[in-house]
Amino acid sequence: MIVKVKTAADVPSSEITPEWAYRSRRDFIRTAAAGAIGVAAARFAGPASRLEAQDAAALAPLKAKPSAYVTDPKIDPPNKYEELTTYNNYYEFGTRKGDPARNAGRMKTKPWTVKVDGLCKKPGNYGVEDLIDFNQLEERVYRHRCVEAWSYVVPWIGRSLSETLKKLEPQPGAKYVEFETAVLPGQMTDLDDFGHLAWPYIEGLRMDEAMHPLAMMVVGLYGKVLPNQNGAPLRVHIPWKYGFKSGKSIVRIRFTDKQPANTWAVQTPNEYGFYANVNPTVDHPRWSQARENRLPSFFKNRPTLMFNGYGDQVASLYAGMDLRKYF
Ligand SMILES: Nc1nc2c(c(=O)[nH]1)N[C@H]1C(S)=C(S)[C@@H](COP(=O)(O)O)O[C@H]1N2
Ligand SMILES: [Mo]
């Protein structure tokens with residue numbers, strides 16, 4: 001079969017789009033081409049043969065109640081599904097923003113086991129549906145702010161993380177909770193390609209942060225099961241913190257009395273910390289955090305909000321702390 005892929009010269013100027021949209025579309029075309037000529041691609045191009053996007057149409061619908069956790073649609077309308085699922089950070093599947101969408105299709109998320117251990121009364125191995133009640137799901141629209149200064153607005157489906165943690169009965173000595181995320185050789189395409197991060201990806205929260213009602217355990221997006229590139233089958237989202245605090249595809253929850261060694265802070269301690277609260281007054285050593293670009297724009301078209309706009313709810317968690325120090 002011959003696939004005609006448009007070249008730049010074929011594209012009328014009316015179709016000129018922002019770089020990221022263009023790139024994700026090009027990624028899509030490449031994926032489609034790899035599928036159509038899969039046999040030939042596998043024979044001639046090693047890396048191309050592993051490209052495998054997930055079929056979004058096949059994702060099961062999820063029922064969720066509306067909730068009070070919403071953004072003002074005039075100021076923060078939800079981003080399009082396509083934007084949220086083709087511009088991602090999930091380094092286990094590659095470091096370019098289009099890589100996770102292109103590569104994560106092979107990840108098997110059923111069955112899935114989450115190991116629970118450490119300072120709690122209910123350690124053990126849990127399935128996703130043991131950890132979160134699928135009859136009680138809520139839709140929550142949250143702003144998501146990456147430390148890289150891009151942001152988008154996401155209609156997640158899930159529950160407060162506290163609901164899950166309460167079931168596990170943390171002991172009084174548990175001061176922190178650590179999340180370990182999946183490492184799946186043969187299913188994740190870039191475990192070897194990226195020499196900088198030591199897998200597994202680890203993140204953590206202080207227990208009072210984790211129990212805050214805004215902290216969310218997420219299983220869905222836009223009325224459907226989470227796409228793999230967004231962290232299926234379950235991930236957390238902590239909307240007042242930089243995105244790297246929100247680990248994807250969680251396989252272990254560990255309660256501990258010591259501050260977890262989170263991956264990015266271990267990797268680059270002069271650039272990333274444990275708390276990582278969104279803060280426009282504390283710049284990254286290599287860029288300003290004063291403004292952000294709300295996708296699909298690539299202009300820094302918005303001021304960054306303290307605690308990503310959730311300060312009224314969460315600032316009291318940090319009373320007495322020097323927020324400039326605990327970035
Ligand atoms: N396992 C894992 N979790 C991860 C990451 C990652 O690379 N691996 N990236 C983090 C970063 S930097 C961000 S901004 C968010 C991105 O989530 P999204 O792609 O759903 O927007 O996931 C976070 N969780
Ligand atoms: Mo991020």
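The legends below describe close-up views of a predicted model. Local features are given only where pLDDT is at least 70 and side-chain atom pairs only at pLDDT 80 or more, while totals for chains, interfaces and linings use all residues. Residues are numbered from 1 along each chain as its sequence is written, chains are lettered from A and ligands numbered from 1 in the order in which they are written, and side-chain values use heavy atoms, with hydrogens and water left out.

**View 1. The surroundings of ligand 1.** Ligand 1 is surrounded by 18 residues, each with a heavy atom within 4 Å of the ligand, and the closest are Asn88, Glu92, Tyr152, Ser246 and Lys248. This shell is made up of seven nonpolar, eight polar and three charged residues, where Ala, Val, Leu, Ile, Met, Phe, Trp, Tyr, Cys and Pro count as nonpolar, Asp, Glu, Lys and Arg as charged, and the others, Gly among them, as polar.

View 2. The side chain of Tyr152 places an N or O atom 2.5 Å from an oxygen atom of ligand 1, and a polar side-chain atom of Lys248 is 2.7 Å from an oxygen atom of the ligand. Ser246 takes part through its backbone, with an N or O atom 2.8 Å from a nitrogen atom of ligand 1. Of the 520 Å² that ligand 1 exposes when taken alone, the protein buries 97%, as computed by the Shrake-Rupley method with a 1.4 Å probe.

**View 3. The hairpin of strands S2 and S3.** Strand S2 (residues 113-118) pairs with strand S3 (residues 124-127) in the antiparallel sense over four bridges; strands are DSSP runs of E with at least two residues, numbered from the N terminus, and two of them pair if DSSP finds at least two bridges between them. Five residues lie between the two strands of this hairpin, and Val116 has Gly124 of S3 as its bridge partner.

**View 4. Two cis peptide bonds and a positive phi.** Most residues other than glycine have a negative phi, and most peptide bonds are trans. The bond joining Ala232 and Pro233 is cis, with omega about 0°, and Pro233 belongs to the loop between strand S9 (224-225) and strand S10 (235-237). A cis bond also runs from Leu295 to Pro296, with omega near 5°, and Pro296 lies in the loop between strand S12 (291-294) and strand S13 (302-303). Ala149, although not a glycine, has a positive phi of about 95°, and is found in the loop between strand S4 (138-145) and strand S5 (150-160).

Terms used:
Polar contact = N/O pair within 3.5 Å; in protein donor to acceptor, adjacent residues only side chain to side chain.
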